[in-house]
Amino acid sequence: MKDRAEIKIKFYLALIFSSFFLIRASCLWSLSSDSNWPQIEIISLEKTPANLALLASFSEPPDFLLETIERIYLVARPQELTSFQSAGLVYRLETSLFPPARPRMNELSLASGGNGAYHSYQELATEMKNLAEKFPFICRLEEIGRSLEGRSILALKISDRVELDEAEPAFLFLGCHHAREWISVEVPFYLARYLVENYSQQPLIQKLVNEAQIWIVPLVNPDGLEYSIKFYRYWRKNRRLNSDGSFGVDLNRNYGFKWGVDNRGSSPNPASETYRGPAPFSEPETRAVRDLFLKYPFQALISYHSYSQVILFPWGYTRTPPDKYQLLFNLARKMSDLMVTVHGRRYDYGQASTMLYLTNGDTTDWAYGLAGIPAFTIELPPVDIFQGGFFNAESDIQPIFEENLKAALDLIQWGISNYHYVAPLTRNNKDSIISFIRKNKKR
Amino acid sequence: MRKRSWLMLFLLLFPCLSPAQMIIGQYEEEAPLRTWNITGFIPASGIGRAEIMTIVADSPAVAFNNPSLIASLPRVSFYFNGSINRASLLRFGPVNTGVLKSSQNLWIRTVALDGAGLALKAGNWALSFGAAITEYYDRPSVLAESVSGGKTNYKINFSQEGFLRSYNLALARKLGQKLTIGLALNLSQGHMERKTEESWPLSQISIQDKKDGSLKDQYVRFGLMADITRSFKIAFALEPAHRLEKESHSFLEYSAATTGTKIMIEDRASDFIQKPFQLSLAGSYFLNQQWLVCAEVTFFNWSKYKLTWFSEQETRNFRDVFRLALAAENLTSFRLFHQSFSLTTRLGLLVDPQPMKAPRSTYYSLGSGFSLGWKWFRLDFGASWGKEKGSGSSLQSFRSALALNSFF
């Protein structure tokens, strides 16, 4: 009798556990059905004889989806989009009209991040790490600091003999001081990827990488970017909890040159979008950039922002032209001329304070004020709020990068040709830096 | 099935006043409304009993919490439950995290016919089927406007809503005179949607940021009850950790009517929220024929809580918690209009620590209610009031529910 009861209990226990495992097995089955799919877009073109002739001229026939009286719909991969653009085809992105048959994955990364083809912090960190692992001889990943919320501020150093600190001219490319300017992450990151991936094939890239050390920090404000993706798209500042309970310091008003010289170029009000912070370099994000800058002999700097489609150079804090106005003007004009040759988009250029508005405590005034090097803020497209403002279509990332690539390469070439070795502004000569700043403040 | 109350509030845009940075803690997107600690479905009688559901078999709803209890119900029983939940929140989404500022807590209310079920017993076996809304993800809707000269220059509208509905199939078996075991299979389905809309009417520019996801889960819950003596019972219920799967979708749209510019950024991902392992232990004791006291302690393994957001691992700084509940019930009967009625009144106290490590936060809730029985019917009413301490926001929650039970 007792044995029978025991058998019964064992039977029930077996029933319970087998049910449980069946359920878990079914969960695992559904989880494993995920996979990576190539990113594709659906586009439409006007059905004109000219467009039809252009389409017919491609060596690989385009993938036709459907046709209406007025338009033709095509399925296109990113490289096809680029060739369509180069051929001058005017198309409309229609992907959103067609419900996806399968989850759309970001072709560049393992994670999706919730922001389409743009990079989230995690995606970017993963891809930067992957680049450094894939090209260890010319690419090194470095954590130059940590954000307020503890995220790594990552830099890629691209140079031959990358582990050595050679006496080579250094160049700094910065992105995303302002969280909502998503395109400003993409341009410097794409530049890094382009340099390492084309090193072995393109003699020009090989020469630049061999003769220079190129530092790329695509994401200066990781906390802000995450907030912009997850909570509020138009977030600008970092995530500092201010003394009055408001959030954020404008990182591009927190640098130490002419910091807070007036209340027009930055704001003392913590709730303002241009709040400069309680002190110069009060934020770990700007300190990270400062410390990197002081370590190496930087010859030129570009800080990417959006929007306006302009190339700006110092000064921002005053309308008085800088000493090297002509040099800065010529470099900016050259970059703009090169950019227009790529996709026909013209970037305006000029001194920051006269082109846009007064700014103080920004990156380029600080770099120029401290080291006298050419420093540019490139406000990426679009040209105004009505063309998207802080929004750029995903299909615009590549063309915007391409036009900025030419400009960046040209600036590096200029820096190499005009390089005269000067000891980097290390912390060891901190006193001379302070006296330099004091002298400038007196001016 | 359920009606959502829209609370429209006009807020100031900046300056903000709230502690902490991006870590919201109490009301992360996936946080159920009121409390993180959910143990199945709590009908009216359970609310009056401080959410003790592991030891007292008084409705087929117990199958969601301790499936072994259905073997203690009459031969046929069913119930319908409707409830009202009210909760106050301070920080959620973009509210009080940098964009929108509220000087006081905001309230949200949900009203729903939220549970129904049927239990059948034959010999030593019992079977039940039930459906209930077990979690709400609603947040107060917020509309902020900037108006000058009678014209709206700028408008921002935030909303979040969502729920998780569970279907429960339970089987229980008496093993001898003193022991009952039970197993419940739960299938959950739900939806979550968060939307922020901004517009600049004069420039005819608008932005829409929508994140939504469909939810799906399957999990089991085990239960056991032992009659130690005629008046003393103990029970336990166990729910292994399980994954709530979420098909996430994000849609971001910029549109400028004057230039015809439209930019859309869309993303999709398969995500999960790993719900924690739970273990409840409870005991009840009849002091005499009129008075029953019961206690329940539930362990939530929140330190193992995991989730992904658009395929990225998210961090929640959580700790394990023990939830404690105590309750007393008075059972009496009376005659009215030549009819015999039973009346049970109850009172309970719940100490419900929330899983965030910082700030430490605990809801202290007081529940009370009654059950009025006549022939084969019983009407339950339960209400609870909870006050939160620890976050500095003095959050509150109210619950009330009415249930109709029938037994044959």
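**A walk through chains A and B**

Hi everyone, let me start with chain B: among its contacts with a separation of 6 or more, 68% are between residues 24 or more positions apart. Here two residues are in contact if their C-beta atoms, placed from the backbone, lie within 7 Å. Please keep in mind that this is a predicted model, where local features need pLDDT of at least 70, side-chain atom pairs count only at pLDDT 80 or more, and totals for chains, interfaces and linings use all residues. Residues are numbered from 1 along each chain as its sequence is written, while chains are lettered from A and ligands numbered from 1 in the order in which they are written.

Let's stay with chain B for a moment. It has one helix and 23 strands; helices (H or I, at least four residues) and strands (E, at least two) are DSSP runs, numbered from the N terminus. The radius of gyration of chain B, taken over C-alpha atoms, is 23 Å, close to the 22 Å that the globule rule gives for 408 residues, so chain B is as compact as a globular protein of that length. That rule is 2.2 Å times the number of residues to the power 0.38. Along its principal axes, the C-alpha trace of chain B spans about 75 × 45 × 35 Å. How much of chain B is buried? Of its 408 residues, 49% count as buried, where buried is 20 or more other C-beta atoms within 10 Å of a residue's own, exposed is 12 or fewer, partly exposed is in between, and C-beta atoms are placed from the backbone.

Now to chain A and its helices. Helix α9 (residues 325-343) and helix α12 (residues 397-417) of chain A have axes that come within 8 Å and cross at roughly 145°. Axes are lines fitted to C-alpha atoms, for helices over the stretch in contact, and angles run from 0 to 180 degrees between N-to-C directions. On the α9(A) side, the contact includes A:Leu331, A:Met335 and A:Leu338, and on the α12(A) side it includes A:Ala407, A:Leu411 and A:Trp414. The residues of this contact divide into nine nonpolar, two polar and five charged. For that count, Ala, Val, Leu, Ile, Met, Phe, Trp, Tyr, Cys and Pro are nonpolar, Asp, Glu, Lys and Arg are charged, and the others, Gly among them, are polar.

Next, helix α8 of chain A. Its buried residues are A:Glu285, A:Thr286, A:Ala288, A:Val289, A:Arg290, A:Leu292 and A:Phe293. What covers them includes β5 (139-146), β9 (298-306) and α11 (363-371) of chain A. And α11(A) itself? Nine of its nine residues are buried, so α11(A) is largely enclosed by the rest of the structure. Just after α11(A), A:Gly372 takes a positive phi of about 70°.

Most residues other than glycine have a negative phi, and most peptide bonds are trans. A:Ser308 is not a glycine, yet its phi is positive, about 145°. This serine, A:Ser308, lies in the loop between β9 and β10 (310-313) of chain A, and it is buried, with 21 other C-beta atoms within 10 Å. In chain B, B:Asn96 has a positive phi near 60°, and B:Asn96 is also buried, with 27 other C-beta atoms within 10 Å. Where are the cis peptide bonds? One runs from A:Pro381 to A:Pro382, with omega near 10°, and another joins B:Ala358 and B:Pro359, with omega about -5°.
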